[in-house]
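Here is a short report on one protein chain. Look at the structure first, then read on.

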Amino acid sequence: MISEDVLAQMIDHTNLHADASYADMKKLCEEAMQYHFRMTAVNSCQTHLCHEFLKNSDVHVGAAAGFPLGQQTIAVKVFEARDAIENGADEIDYVINITELKEGHTDYIREEMKQMVSLCRSHHVICKVIFETCYLSEEEIIALSKIASEIQPDYIKTSTGFGTAGAKAEHVRLMKQHAGPYVRVKAAGGIRTLSAALEMIEAGAERIGTSSGVRIMQELSQHQRD
């Protein structure tokens, strides 16, 4: 069984709700510090607020860009990511343009990824690319993973949690298989239990995005006591 410290450092503690209050953000950050999660995942407008709450800790602030649909131009996604970085983001999770992928415009997807990764790398910020696998065929997941193997974002990520389905272990394995040795996989979407988190980790995920991080850690603690 995985240790509490190791699992906590794999969790991106998440609140991406449209009606999240300042009090909700404060609670998210306090929980992240208490459990020593790796990151808080928030909408980009909450970046500065969470940066202030977390400034005396080693918990990262992660901002979502082009979220949750990915239906913005490259320039808009780059602008949003840059704004979040200027407001204290340590990590950026952006959603690919699924329409362009479905149209077979892989050069567009490659350019989008290249610009987002370049921006993040120039500011020493982690970049994660969200595929939203529930809308993709196996062939499209493989094609995206191979593009990632060329451009090498820090992570490729299964889902936003706002699509028709969340993370699946078979998609994690597929992404891990085709993204190459330098690109890690983040599983997110619908991961609410310890068993679900462990299934994704066994499949190859090195980050877990979840709004149930506290519950998962409590479940692990109880399991270890038993």
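## A buried arginine

The side chains of R207 and D12 are joined by a polar contact of 2.8 Å. A second polar contact, of 2.9 Å, links the side chain of R207 to the side chain of E91. A polar contact is a pair of N or O atoms within 3.5 Å; within protein, one must be able to donate a hydrogen and the other to accept it, and residues adjacent in sequence count only if both atoms are side-chain atoms.

This is a predicted model, where local features need pLDDT of at least 70, side-chain atom pairs count only at pLDDT 80 or more, and totals for chains, interfaces and linings use all residues. Residues are numbered from 1 along each chain as its sequence is written, and side-chain values use heavy atoms, with hydrogens and water left out.

## Around R207

R207 lies in strand β8 (residues 207–210). Helices (H or I, at least four residues) and strands (E, at least two) are DSSP runs, numbered from the N terminus. Is R207 buried or exposed? R207 has a relative accessible area of 3%, so it is buried. Buried means under 20% relative accessible area, exposed over 50%, and partly exposed in between (1.4 Å probe, protein chains only).

Setting aside residues up to four places away in sequence, R207 touches residues including Q9, M10, R38, Y155 and V185. Contact means heavy atoms within 4.5 Å. V185 is 22 residues from R207 along the chain, and their C-alpha atoms are 6.7 Å apart.

## Two packed helices

Two packed helices are described by the angle between their axes and the distance between the axes. Helix α4 (residues 74–86) packs on helix α6 (residues 106–122) at about 15°, with the axes 10 Å apart. That makes α4 roughly parallel to α6. Axes are lines fitted to C-alpha atoms, for helices over the stretch in contact, and angles run from 0 to 180 degrees between N-to-C directions. Angles under 35 degrees count as roughly parallel, over 145 as roughly antiparallel, 65 to 115 as roughly perpendicular and the rest as oblique.

Which residues of α4 meet α6? They are I74, K77, V78, A81, R82 and I85. On the α6 side are Y108, E111, E112, Q115, M116 and L119. E112 is buried, at 0% relative accessibility. Beyond its neighbours within four places in sequence, E112 contacts I74, K77, Y94, V95, I96 and N97.

## Helix α9

In helix α9 (residues 194–203), the buried residues are L194, A196, A197, M200 and A203. They pack against α1 (4–8), α8 (169–178), β7 (184–188), β8 and α10 (213–225). After α9 comes G204, with a positive phi near 125°.
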